[in-house]
Amino acid sequence: MKTVLSIAGSDPSGGAGIQADLKTFCAYKVYGMAAITALTAQNTVGVDEVYPVPSAFLIKQLKVIYEDIRIDAIKIGMLATVENVIAVSQFIEETRVPIIVLDPVLTSTSGWSLLDEDAIKLLKETLFSLCTLVTPNIMEASILTGIKVTDVNSMKDAATALFLKTGAKSVFIKGGHLEGKAVDILFDGMKFETYEAPRVQKLTHGTGCTLSAAIAAGLAKGTDMKTAVSQAKGYVLSGIKSGFDDIGKGNPPLNHFVPI
């Protein structure tokens with residue numbers, strides 16, 4: 001049984017964060033674990049409050065898991081604070097877990113800031129270089145690079161900048177917020193892969209968390225990067241199409257259990 005650890009925030013409504021990641025791991029038939037970086041008060045409508053977990057306790061969570069259970073891959077989501085960025089970077093440097101997928105969560109869908117401003121620079125300087133893959137959306141890519149990402153060409157420019165300036169092994173920029181077709185770009189430093197999918201006119205909650213968790217699970221099972229990304233996109237698309245429209249008053253969650 002392959003194992004994947006999610007290091008992320010908690011969404012008590014179940015659509016994003018740790019909860020979405022664990023559902024995704026279950027659907028992919030890998031053993032899921034979780035270290036919580038922050039508690040949130042949120043639902044399908046939006047985030048009401050964020051309570052970061054002290055870094056000392058985050059380190060404790062990570063260490064007791066590592067001391068007991070083999071970790072084949074790590075998915076990283078919301079980190080919330082500078083201290084948590086440092087803690088996670090040190091943990092990865094010490095343990096050398098072979099697969100690290102980072103979803104650099106900066107804001108929620110509803111616009112709530114989920115990472116301290118001071119932590120963004122540190123994230124690029126310390127954590128990106130330890131990652132197998134980073135998965136920003138176009139808004140996050142714009143913030144991280146200073147490049148205004150508005151189309152496929154600027155997505156490629158941002159992916160190249162992140163690869164060259166941060167040391168990340170691969171960069172996957174999600175273009176779900178672009179006009180027209182949903183286009184994503186994967187760059188490994190040598191070649192761009194373009195993924196196109198029909199746009200589903202449906203508001204959802206937790207797609208970014210789910211996609212990065214699915215990629216991490218695929219990589220943990222030995223799938224190559226290009227295929228793992230393609231399969232993860234298919235999984236998310238199926239989850240959106242069959243999402244639970246009767247849950248919540250805002251952006252409903254995906255159906256994470258489509259394969260099951």
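Reader: What makes α7 count as largely enclosed by the rest of the structure?

Author: Of the 14 residues of α7, 13 are buried, so the rest of the structure largely encloses this helix. Buried means under 20% relative accessible area, exposed over 50%, and partly exposed in between (1.4 Å probe, protein chains only). This is a predicted model, in which local features need pLDDT of at least 70, side-chain atom pairs count only at pLDDT 80 or more, and totals for chains, interfaces and linings use all residues. Residues are numbered from 1 along each chain as its sequence is written, and side-chain values use heavy atoms, with hydrogens and water left out.

Reader: How do you know that the span of helix α7 agrees with its 14 residues?

Author: Helix α7 covers residues 207-220 and should span 20 Å at 1.5 Å a residue; its end C-alpha atoms are 20 Å apart, so the two values agree. The expected span is 1.5 Å times one less than the number of residues. Helices (H or I, at least four residues) and strands (E, at least two) are DSSP runs, numbered from the N terminus. Just after α7, glycine 222 has a positive phi of about 95 degrees.

Reader: Why is the contact of aspartate 103 and lysine 174 called a salt bridge?

Author: A salt bridge is a side-chain nitrogen of Lys or Arg within 4 Å of a carboxyl oxygen of Asp or Glu. The N to O distance between aspartate 103 and lysine 174 is 3.4 Å, and the pair is a salt bridge. Aspartate 103 lies in the loop between β5 and α4, and lysine 174 in the loop between β7 (171-173) and β8 (182-187), so the pair ties together parts 71 residues apart in sequence. Aspartate 103 is buried at 2% relative accessible area, and lysine 174 is buried at 10%.

Reader: What makes aspartate 184 and lysine 233 a salt bridge?

Author: Their closest N and O atoms are 2.6 Å apart, and the pair forms a salt bridge. Aspartate 184 sits in strand β8 and lysine 233 in helix α8 (residues 225-241), so this pair ties together parts 49 residues apart in sequence. Both count as buried: aspartate 184 has a relative accessible area of 6%, and lysine 233 has 17%.
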